[in-house]
Amino acid sequence: MVIVTTTVRRDVLTLPAAPLGPENPLPPLRPLREVHTLDERGREGLPRDMARQLGYAPLRGVLPTRVLDGYGRERTDTTLDTLVIENDRLRATVLPGFGGRVHSLFHKPTGRELLYRNPVLQPAAFALNGAWFSGGIEWNIGATGHTTLSCAPLHAARVTAPDGGEMLRLWEWERLRDVPFQVDLWLPEGSDFLHVGVRIRNPHEKAVPVYWWSNIAVPEEHRVLAPADEAWHFGYSGVLRKVPVPETDGVDRTYPPRSEYAADYFYDVPDRTRRWIAALDDDGHGLVQTSTDLLRGRKLFVWGSGAGGRRWQEWLTEPGTGGYAEIQAGLARTQLEHVRLDAEGEFAWLESYGPLSADPGPVHGSDWRAAREEVQGRLADALPRGAVEEAYDAWRPCADTEPGEVLSTGSGWGALEVLRAGHKLPGTPFAESTLGPEQEPWLELLHSGAVPEPRRVSPPGPTLVARHWRDMLETAPARPVAEYHLGVAQWHAGDLAQAVRSWERGLELAPSRWPLLRCLAVADQDAGHIERAADRYAEAFDDLCQERRDDGVLWTSAGAALGREAIAVLLAAGRTAAARGVWERLHAETRAEGRFRLVEVQLLVAEGEKTRARAIFDEGFEVADLREGAEILGELWHAVSDDPLPARYDYRMRAASGE
């Protein structure tokens, strides 16, 4: 008999994909609209620890990362690098260039795909910093929402597994919370379960807030089961309420298509109960996920069967390819919470993913206790709780093993932090060879105490905002670029008045004025000075148009980003003619993009040209970076038409008021 050992190998995958496009060069001084927020009334009556974590260290913004909003909707066949770990039972396909997502988990003996595998790669504006895509298993770290690493490359390498075979390690420096993390994928020989060891470390001398949810996409025509009789329901209207499981408001919500609107169900798994969640089809077959107890939360997310939910499903994949739901596992009971990680501490746990087959009679019966017990019993037979603990104990010493062959390279930001602070992080090396052009100005600041002025005029690079970098900026020579970066860091820290003063000082001598003018315009708008904000946006756009050196990607994206913001503020100030003037100076290719057809509709509505605005709707357009929960299309439609909102523009994730 031939024994197939576990292997880790490179491969490629071809998918219809829309390119990510360039980063938005404007620093995101405000957080992108976040739908996972709770109003104050919604916190009344919650468990004390949950209420405390709901209010702990909310995200100020997505700095130091940049927004990814330059993608479109035109997909072409694209070859993607993959990493495959497999044995004779399972094959896991990983996308190292897209957050280390597990794209596929294939069970060889039954020929079944255990995940919802998206047939396309279509970015959409669901991540904290924009671009995200659906399907597979994604690793969400940072803060409430989808990670800023959703469409970013991770470091990856071969590592020796606990059983002496091969293991795949993924790691990166998470920049929102300034912490390193790793994900070790281990597939023991002959095992039906993929083990995933996760570690988050805090190398700093102060506590940091931490967030983690593993999101698993599964076909929506499954029943979702978890060991709970109650759940916290969040319906995207700012309210968190306790509901019974499985039936809520007279409907069994453990079947995803039975919910009309998008909703989260955070299962209230009792303490000391084994942590697991499963999604099983009509025949009782599907996927189960379980873990060590530190990963306490379990959740079901549904898009809902309403028009908005259906539209989002089509938006994220190909129409007619089947919908999906998400089963998830996290460090807290809900995704609205952040957890404290003490100074120089770490969180580590092990997750296991594999096939499960159960008797469909009890699984789909009306007795919820019998359904749960059937799944729990089958899980105990397939992978006993003690076996997960043993696998965790075997993996922990290997978490520090130095990687072998490098299979993928992430960013240079971790290397910069290791150079700055001398962090010792066994198992996750951040090599100096990964440093690149974006880190160069900060290396010079680190070594010389000064921020270099650019050799040629161009949009400024990214800003670092952590306290240690802000301290260095405050003592650096007060050159225009240093004042620009210092102001961004001060703004992020909440020191708004000092940020304005830094930008004003930089403006006095700056050869390139528009980046500073734009920052000051944001500050004016934030303070309610809309007229002055409009003045500064208009001046900033004029300056950019005079300064731009070419029609390359960098300048075009800067013009598009600044023009979009400027038009919005000019319209808010009632300066329709000035807004039209900005529009006309945008590149023709920019104006043709769907997101700018939306801007054109807004302009026409402000000009009283409702018939022309309606004509754009009738012609059809797609706003590639439409945010989750956005209702702007419906609002504009009703401003130009009394007809019902067409299905192609209906992205509602909640019931309209009064329904």
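Me: Which residues does Ser-458 touch, not counting residues up to four places away in sequence?
Reply: Happy to start there, with a reminder that this is a predicted model, in which local features need pLDDT of at least 70, side-chain atom pairs count only at pLDDT 80 or more, and totals for chains, interfaces and linings use all residues. Residues are numbered from 1 along each chain as its sequence is written, and side-chain values use heavy atoms, with hydrogens and water left out. Ser-458 sits in the loop between α7 (440–448) and α8 (467–475); helices (H or I, at least four residues) and strands (E, at least two) are DSSP runs, numbered from the N terminus. Taking contact as heavy atoms within 4.5 Å, the residues that Ser-458 touches are Leu-554 and Trp-555.

Me: Is Ser-458 buried or partly exposed?
Reply: The classes rest on relative accessible area: buried is under 20%, exposed is over 50%, and partly exposed is in between (1.4 Å probe, protein chains only). Ser-458 has a relative accessible area of 22%, so the class is partly exposed.

Me: What separates the C-alpha atoms of Ser-458 and Asp-342?
Reply: Along the chain, Ser-458 and Asp-342 are 116 residues apart.

Me: Which backbone oxygen does the side chain of Arg-627 reach?
Reply: Arg-627 lies in the loop between α17 (610–619) and α18 (632–640). With a relative accessible area of 16%, Arg-627 is buried. At 3.0 Å, its side chain reaches the backbone oxygen of Ala-125.

Me: Which elements do the buried residues of α6 pack against?
Reply: Helix α6 covers residues 413–421, and its buried residues are Trp-413, Gly-414, Ala-415, Leu-416 and Glu-417. After α6 comes Gly-422, with a positive phi near 65 degrees. The buried residues of α6 pack against β10 (166–174), α7 and α8.

Me: Why does the radius of gyration of the protein chain agree with a compact globule?
Reply: The radius is taken over C-alpha atoms, and the globule rule is 2.2 Å times the number of residues to the power 0.38. For 659 residues the rule gives a value near 26 Å, so the chain agrees with it at 25 Å.

Me: What share of the contacts with a separation of 6 or more comes from residues 24 or more positions apart?
Reply: The protein chain has 18 helices and 27 strands, and 58% of its 659 residues count as buried. Among contacts with a separation of 6 or more, the share from residues 24 or more positions apart is 71%.

Key. Polar contact = N/O pair within 3.5 Å; in protein donor to acceptor, adjacent residues only side chain to side chain.
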